[in-house]
Amino acid sequence: MPLTATATKDAPVDPRGPRFSAWITTAILAVVLLTGSWRLLAAQTVLFAMCAFISLKLNPWGHVYRFAVQPRITPTTEREEAAPLRFAQGVGFVFALIGTIGYTTGLTALGVVATSAALVAALLNAALGLCLGCELFLLLRRHAPALARPQ
């Protein structure tokens, strides 16, 4: 996914929403590792792709957060830009795609390693608020500004 202004069409989001989604993603990826279900990983891969390449608004866990969780917790004015989050979803997509390919082609070790990497990233985001993909986005923007900003 290019690091251009086109990746920022989503409005800034409540940072608690992506963390909520990361908890669910963590659970899904843990189930994949326990069961070896390539179908579940493929579904997660599609979800990552929709959020990365179309819109964060397509994330069903975001809807659950907005309608079931957010009204029950203290409001916040804190917002997070969408571009780093979408980039992180793209990184998740790559790892989930590699994992799906590994599981479906019989390269189970590849599937386990790629899924484990995605699981670690999701768990760090959920538990600590450390979004590795977001940090990578910011690092790339800082060191390759021509890629990150429109000309």
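**Pockets and cysteines**

Let me start with the second largest pocket, where α6 gives the largest share of the lining, three residues. This is a predicted model, in which local features need pLDDT of at least 70 and side-chain atom pairs count only at pLDDT 80 or more, while totals for chains, interfaces and linings use all residues. Residues are numbered from 1 along each chain as its sequence is written, and side-chain values use heavy atoms, with hydrogens and water left out.

The second largest pocket holds about 220 Å³ of space, and among the 13 residues that line it, E80, L85, G129, C131 and C134 are the closest to its centre. A pocket here is an open set of points on a 1 Å grid over the protein atoms alone, where a 1.4 Å probe fits, with protein on both sides within 12 Å along at least five of seven lines, and lining residues have an atom within 4 Å of a point. Volume is the space filled by probe spheres set on the points, which are joined across faces, edges and corners.

Now, which cysteines does the disulfide join? C131 is linked to C134, with S to S 2.4 Å, a disulfide being a pair of cysteine sulfur atoms within 2.5 Å. Why does C51 stay out of such a bond? Its sulfur is 13 Å from the closest cysteine sulfur, in C131, which is too far.

Methods:
Helices (H or I, at least four residues) and strands (E, at least two) are DSSP runs, numbered from the N terminus.
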